[in-house]
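User: I am new to this structure and would like to understand the terms applied to it. Please set each value against its definition.

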Amino acid sequence: MMDSEFLDTFVKFNSLASGRDKLFRLLQYGSKFGWWYLQQTDVTPEIVIKLQRLSSALSTTRKFMRLGKSIDFLHGANRSLYLTDAVLRWSITLSKLNQSVYLLFDHVIWAGRVGLATIDKDKWANLSSRFWIATIILNLVRDLYEIIQIFVQELKLKAVKSSRSQYKNGVSEHKQITKPFLTSTQVIMKCIVENQPVFLDLVRNLCDLVLPLEALGHIKASPGVQGLAGTVSSIIGIASSWNPLLRLIPS
């Protein structure tokens with residue numbers, strides 16, 4: 001029964017273009033981390049070269065699979081304009097618009113890689129990375145806004161509970177008995193456990209932030225760090241697509 005449910009979910013997940021892209025992304029960054037790790041050992045160079053080629057091939061394949069995806073994000077930006085919360089409305093809308101432009105430039109890079117057009121690859125990669133980093137920053141703004149809202153609400157609830165009087169039979173003077181309340185650490189853990197989608201999205205965006213920052217030269221990150229960051233963010237992306245309860249709403 002469990003195997004049947006797993007296979008049904010996997011077939012449904014793999015039938016989606018976004019699902020296959022997430023799987024390929026995991027393999028792309030996993031192989032990147034793999035060849036970096038093997039370089040630190042005495043493994044034969046041939047294996048490292050094969051993994052490097054695999055990572056590059058998966059990157060090109062993903063660019064091809066995303067052709068036309070920029071239009072989807074434009075449509076998503078139009079839908080998010082109707083959100084009632086102003087911060088969510090503008091952070092999500094602007095994020096989708098930036099991601100649409102990022103993917104549009106990604107299409108140009110793909111055309112250059114496969115020889116359909118002669119382009120300045122460094123120039124287009126730089127432009128693409130700039131819009132990618134803007135997308136991630138806007139996603140982080142949305143995540144932090146929601147997390148602050150969660151903590152504010154939880155602290156208000158904690159203050160209300162701690163201020164209530166509790167009377168017990170036999171206490172003639174009706175003395176106020178202080179009710180036990182959660183410590184700050186317990187409040188934080190409670191917020192994380194009860195709001196996993198937004199905290200997972202925060203971790204995913206922080207991991208993704210490493211990649212365009214390194215591409216633009218703002219930080220120095222080894223292929224191993226890039227591979228690990230991409231692998232972690234890919235796993236979170238797969239988990240959120242696989243399990244609807246981990247999906248951030250609105251998206």
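Analyst: W36 is partly exposed, with a relative accessible area of 25%. This is a predicted model, in which local features need pLDDT of at least 70, side-chain atom pairs count only at pLDDT 80 or more, and totals for chains, interfaces and linings use all residues. Residues are numbered from 1 along each chain as its sequence is written, and side-chain values use heavy atoms, with hydrogens and water left out.

User: Why is W36 called partly exposed?

Analyst: Buried means under 20% relative accessible area and exposed over 50%, with partly exposed in between (1.4 Å probe, protein chains only). The value for W36 is 25%, so W36 is partly exposed.

User: What makes the pair of F64 and W110 tilted?

Analyst: Rings of Phe, Tyr and Trp (its six-membered ring) pair if their centres lie within 6.5 Å; planes under 30 degrees apart count as stacked, over 60 as edge-to-face and the rest as tilted. The centres of F64 and W110 are 5.5 Å apart and their planes are at 35°, so the pair is tilted.

User: Is W110 buried or exposed?

Analyst: W110 has 14% relative accessibility and therefore counts as buried. F64, at 48%, is partly exposed.

User: How do you know that S55 is buried?

Analyst: The relative accessible area of S55 is 9%, so S55 is buried.
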